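Reader: I have a chain with two ligands open on my screen. Can you walk me through it?

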Amino acid sequence: MVYFGDLKPKKGKIHINKDRCKGCAFCVEYCPEDVLELSEEFNAKGYHPPFVKHEDKCLYCQLCETICPEYAIFVTLKEEEEREKDESRP
Ligand code: SF4
Ligand code: SF4
């Protein structure tokens, strides 16, 4: 049996396609954990894309991914990636 105390919070890994971004900052403003921030750098379109400020705080809620009008950001589940890496080891 699994008890609530045994459940671990999910952790996300954020992927940003900088050149798709239009610098609207929706992902930055609406992230509940303040994980993202707009960078000073310019992308190919002349906008400031976000960067990951605190990845360890990401809860894998996927709100940033849902809200981005340019499909420039998505999140994968960290545990799944780590498990896949472990399984691919000989
Ligand atoms: S998945 Fe949620 S917590 Fe993680 S960066 Fe996106 S909005 Fe923030
Ligand atoms: S929501 Fe999308 S387009 Fe807007 S700043 Fe974030 S990544 Fe860029």
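Author: Start with strand E1, which has a covered face made of Gly12, Ile14 and Ile16 and an uncovered face made of Lys13 and His15. Strands (E, at least two residues) and helices (H or I, at least four) are DSSP runs numbered from the N terminus. This is a predicted model, in which local features need pLDDT of at least 70 and side-chain atom pairs count only at pLDDT 80 or more, while totals for chains, interfaces and linings use all residues. Residues are numbered from 1 along each chain as its sequence is written, and chains are lettered from A and ligands numbered from 1 in the order in which they are written.

Reader: Which way do E1 and E4 run, and how many bridges join them?

Author: E1 and E4 run antiparallel, with five bridges between them. Strands are called paired if DSSP finds at least two bridges between them. His15 has Phe74 in E4 as its bridge partner.

Reader: Back to Ile14. Buried or exposed?

Author: Ile14 counts as buried because it has 20 C-beta neighbours inside 10 Å. The cut-offs are 20 or more other C-beta atoms within 10 Å for buried, 12 or fewer for exposed, and partly exposed in between, with C-beta atoms placed from the backbone.

Reader: What is Ile14 in contact with, sequence neighbours aside?

Author: Leaving out residues within four places in sequence, Ile14 is in contact with Val35, Val52, Glu55, Cys58, Ile73 and Val75. Contact here has C-beta atoms, placed from the backbone, within 7 Å.

Reader: Where is Val52, and what does Val52 touch?

Author: Val52 sits in strand E3, residues 50–52. Not counting residues up to four places away in sequence, Val52 touches Ile14, Val35 and Leu36. Val52 is partly exposed, with 18 other C-beta atoms within 10 Å.

Reader: Which residues touch the most other members in the largest nonpolar core?

Author: That core has 13 residues, and Ile14, Cys27, Cys64 and Ile73 touch the most other members. Strand E1 (12–16) and strand E4 (73–77) each supply at least two of the core residues. A nonpolar core is a set of buried Ala, Val, Leu, Ile, Met, Phe, Trp, Tyr and Cys residues joined through C-beta atoms within 7 Å.

Reader: Now the ligands. Which residues come nearest to ligand 1?

Author: Of the 15 residues around ligand 1, Cys31, Val35, Cys58, Cys61 and Cys64 come nearest. E1 and helix H2 (63–67) are the elements that give two or more residues to this shell. A residue is near a molecule if its C-beta atom, placed from the backbone, lies within 6 Å of it.

Reader: And which are the closest to ligand 2?

Author: Ligand 2 is surrounded by 13 residues, the closest being Cys21, Cys24, Cys27, Cys68 and Ala72.

Reader: How do the shells divide by class?

Author: The shell around ligand 1 has twelve nonpolar, two polar and one charged residue. Around ligand 2 there are ten nonpolar, one polar and two charged. Ala, Val, Leu, Ile, Met, Phe, Trp, Tyr, Cys and Pro count as nonpolar, Asp, Glu, Lys and Arg as charged, and the others, Gly among them, as polar.

Reader: Last topic, the whole chain. How do the elements run?

Author: From the N terminus on, the order is β-α-β-β-α-β-α. The radius of gyration, taken over C-alpha atoms, is 15 Å, well over the 12 Å that the globule rule gives for 90 residues, so the chain is more spread out than a compact globule. That rule is 2.2 Å times the number of residues to the power 0.38. Of the 90 residues, 18% count as buried.

Notes:
Two residues are in contact if their C-beta atoms, placed from the backbone, lie within 7 Å.
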